[in-house]
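The tour below tells you what to select at each stop.

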Amino acid sequence: MADNNAGEHEESFLDSVKEKITETFHKDDSASSDSDNDAKKSSPVSDVKDKIYRLFGREKPVHKLLGGGKAADIFLWKDKKVTAGVVAFATLIWVLFELVEYHLLTLVCHTLILALAVLFLWSNAASFINKSPPKFPDVALPEDIVLGVANAFRLEINRALAVLKSIASGKDLKTFLGVVAGLWGLSILGSYCNFLTLFYTCFILLHTVPYLYDRYEDKVDAFGEKAEHEIKKQYAVFRVKVLSKVPVGALKAKFA
């Protein structure tokens, strides 16, 4: 009897182990099939995302690229009143200096004279008209803000110097030609207008181009893809016909 009980116990134990192993394999198969189905479902979406072309290879929205804060809202006309006020003020400054030919020192002095005269008369006339005199707040620049701005300028200047050093080292001919072409274009543009007009033009472009691109980004990206393909095609031809004939290796060996 004891042997029969032991045999039955062993058989029941083996049956339970077999059932657990079978359940484990079924779970693994179902999990693998679910993962395969998820992969099949997600693969078309990922393929579509990979095929979408974005100008300059951007991966973030335009608002994020512009900082994602108040400045980005102004550039993209999220707050139309603030943006219109900024553009109107810049236009007024350009008209005063460029069309009316006002000088900066004259404008600053006249503005200060007007402001001081109004405040002085208001302070003295307040007692006669039973009005409270103007309250002047204590204005002082915080040290941490000044140091932060100075440090930011320092980092940007050092980064620009590092880029110029990398370009001048002759390691990247494509970047060198692009920078030279850009500077040459700026020099031609500067011969037709002064610095103030150029600055104002860039300011207006900064407040219009991102807005238009954010609104028509699909059409602009499609056009940019075609333009980039054509530029690469023309550059390949230029490289074969012109750049390949330049003895770059001999010049490097000579000045090494």
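Helices here are DSSP runs of H or I at least four residues long, strands are runs of E of at least two, and both are numbered from the N terminus. Read along the sequence with that rule, the chain gives α-α-α-α-α-α-α-α-α-α-α. That is 11 helices and 0 strands. Keep in mind that this is a predicted model.

**Stop 1: the whole chain**

Colour by relative accessible area. The chain has 256 residues, and 9% of them are buried.

**Stop 2: the loop between H3 and H4**

Select Trp77. Trp77 sits in the loop between H3 and H4. Check the backbone: phi of Trp77 is near 60°, a positive value in a residue other than glycine. With a relative accessible area of 24%, Trp77 is partly exposed.

Now look for ring partners. A search of the whole structure finds 3 aromatic pairs. One of them joins Trp77 and Tyr211. The centres are 6.4 Å apart and the planes make an angle of 55°, a tilted pair. Trp77 lies in the loop between helix H3 (70-75) and helix H4 (80-99), while Tyr211 belongs to helix H9 (residues 209-215), so the pair ties together parts that are 134 residues apart in sequence. Tyr211 is partly exposed too, at 26%.

Asp79 forms a salt bridge with Lys70. The closest N and O atoms are 3.7 Å apart. Asp79 is partly exposed, with a relative accessible area of 29%.

**Stop 3: along helix H4**

Select Thr83, which is in helix H4. Is Thr83 buried or exposed? Its relative accessibility is 0%, so Thr83 counts as buried. A polar atom of the Thr83 side chain lies 2.9 Å from the backbone oxygen of Ile74.

How is a pair of aromatic rings described? By the distance of the centres and the angle of the planes. Return to Tyr211 for a reference: its relative accessible area is 26%, which is partly exposed. For Trp94 and Tyr200, the ring centres are 5.1 Å apart and the planes stand at 10°, so this pair is stacked. Trp94 is in helix H4 and Tyr200 in helix H8 (residues 195-206), so distant parts of the chain, 106 residues apart, are linked by this pair, which is stacked.

Select Glu101. Glu101 is found in the loop between H4 and helix H5 (104-125). Here is another backbone to check: phi of Glu101 is near 65°, a positive value in a residue other than glycine. The residue is exposed, at 60% relative accessibility.

**Stop 4: helix H6**

Select residues 143-168, which make up helix H6. Show the side chains of Ile145, Val149, Phe153, Ile157, Leu161 and Leu164 as a surface. Together they make a nonpolar surface patch of about 600 Å². Phe153, a member of this patch, is exposed, with a relative accessible area of 55%.

Now pick Glu156 and Arg159. These two form a salt bridge, with the closest N and O atoms 3.7 Å apart. Both residues lie in helix H6, 3 residues apart, about one turn of the helix. Glu156 is partly exposed at 45%, and Arg159 is exposed at 51%.

**Stop 5: helix H10**

How many salt bridges does the structure hold? The count comes to 3. One of them is made by the side chains of Glu228 and Lys232, at 3.3 Å from N to O. Glu228 and Lys232 are about one helical turn apart because they are separated by 4 residues in helix H10 (residues 217-241). Glu228 is partly exposed, at 30% relative accessibility.

**Stop 6: the cysteines**

Select the cysteines and show their sulfur atoms. How many disulfides does a search of the whole structure find? The search finds 0. Take Cys202: the nearest cysteine sulfur belongs to Cys193, 8.7 Å away. A disulfide would need the two sulfur atoms within 2.5 Å. Cys202 is partly exposed, at 44% relative accessibility. Cys109 is partly exposed as well, with a relative accessible area of 35%.

Definitions and conventions:
Residues are numbered from 1 along each chain as its sequence is written. This is a predicted model: local features need pLDDT of at least 70, side-chain atom pairs count only at pLDDT 80 or more; totals for chains, interfaces and linings use all residues. Side-chain values use heavy atoms; hydrogens and water are left out. Patches are made of residues with over 30% relative accessible area and no salt bridge: like charges are joined within 9 Å, nonpolar side chains (Val, Leu, Ile, Met, Phe, Trp, Tyr) within 5 Å. Accessible areas come from the Shrake-Rupley method with a 1.4 Å probe; for residues, only the protein chains shown count as cover. A salt bridge is a side-chain nitrogen of Lys or Arg within 4 Å of a carboxyl oxygen of Asp or Glu. Buried means under 20% relative accessible area, exposed over 50%, partly exposed in between (1.4 Å probe, protein chains only). Rings of Phe, Tyr and Trp (its six-membered ring) pair if their centres lie within 6.5 Å; planes under 30 degrees apart count as stacked, over 60 as edge-to-face and the rest as tilted. A polar contact is a pair of N or O atoms within 3.5 Å; within protein, one must be able to donate a hydrogen and the other to accept it, and residues adjacent in sequence count only if both atoms are side-chain atoms.
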